[in-house]
Amino acid sequence: MDDNTLAKCLESLAETIGRGRVKASPLVRAFSVSGGTGLLNGMTCGKSFLASEDKRWLWDYFQTARNSDEIALFMRRVAKTVDQRVHLAKSVQRLIQWRYLVDEKATTKSLLRASLEGIEQRPVLNSLYILPTLGCNFSCSHCFVTARTPQRKTGPISVDALRLGIDVF
């Protein structure tokens with residue numbers, strides 16, 4: 001790949017972001033897996049894997065909102081070759097496309113509401129599971145939460161998130 005390819009990737013990224021800034025979605029959780037970092041989008045149930053060359057630092061970088069100029073400068077700092085920069089630009093594009101990176105003004109509530117508005121026909125819900133925390137340390141063998149969630153402690157669910165879940169149900 002050449003500088004022209006990189007310029008096109010960065011231009012495309014700038015068009016996607018526009019004049020705004022992107023940050024990590026509050027609905028996405030990152031966790032370590034062998035060989036890289038897993039990302040789980042709690043709203044779309046989408047799962048992705050950042051391969052070892054992307055590493056966790058890419059996700060950590062977006063914990064603060066960034067604009068396209070900051071992202072381009074960051075890529076020049078961390079990626080030594082044009083090929084690496086193009087790969088990194090495409091990775092960031094995919095994270096935006098898959099809604100792992102969102103507009104800096106997005107909140108949990110606004111993202112949930114936007115997702116619900118995108119559904120033409122709401123599914124029939126007949127069960128509501130409230131998981132106040134994933135920080136339980138009992139590790140019961142019958143519990144689906146500990147069996148399928150990353151082994152890390154999280155804080156309790158917020159009252160706003162609980163209310164929104166009940167409203168949706």
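I read the protein chain along its sequence and noted the pattern α-β-β-β-β-α-α-α-β-α-α-α. That comes to 7 helices and 5 strands. I took helices (H or I, at least four residues) and strands (E, at least two) as DSSP runs, numbered from the N terminus.

The model is predicted: local features need pLDDT of at least 70, side-chain atom pairs count only at pLDDT 80 or more, and totals for chains, interfaces and linings use all residues. Residues are numbered from 1 along each chain as its sequence is written, and side-chain values use heavy atoms, with hydrogens and water left out.

**Whole chain.** I looked up burial next. Of the 169 residues, 31% count as buried (under 20% relative accessible area; exposed is over 50%, partly exposed in between; 1.4 Å probe, protein chains only). I also checked contacts (heavy atoms within 4.5 Å). Among those between residues at least 6 apart in sequence, 62% join residues at least 24 apart.

**Sheet.** I found an open sheet of 3 strands in the order β2-β3-β4, with antiparallel pairing. Two strands pair if DSSP finds at least two bridges between them. The edge strands β2 (28-33) and β4 (47-50) each pair on one side only. I then followed strand β3 (residues 36-41), which 4 bridges join to β4. Leu-40 stands opposite Lys-47 in β4.

**Rings.** I listed aromatic pairs: rings of Phe, Tyr and Trp (its six-membered ring) with centres within 6.5 Å, called stacked with planes under 30 degrees apart, edge-to-face over 60 and tilted for the rest. The count is 3 aromatic pairs. Tyr-61 and Phe-62 form an edge-to-face pair, 5.1 Å centre to centre with 80° between the planes. Tyr-61 and Phe-74 are stacked, because their ring centres lie 3.6 Å apart and their planes are at 10°. This second pair links distant parts of the chain: Tyr-61 belongs to helix α2 (residues 55-61) and Phe-74 to helix α3 (residues 68-78), 13 residues apart. Ring pairs link Tyr-61, Phe-62 and Phe-74 into a cluster.

I checked how covered these residues are. Tyr-61 is buried, at a relative accessible area of 9%. Phe-62 is buried at 1%, and Phe-74 is buried at 6%.

**Charge over a ring.** I ended at Arg-66. Its charged end sits over the ring of Tyr-61, 4.0 Å from the centre. The test asks for NZ of Lys or CZ of Arg within 6 Å of the ring centre and within 35 degrees of the ring normal.
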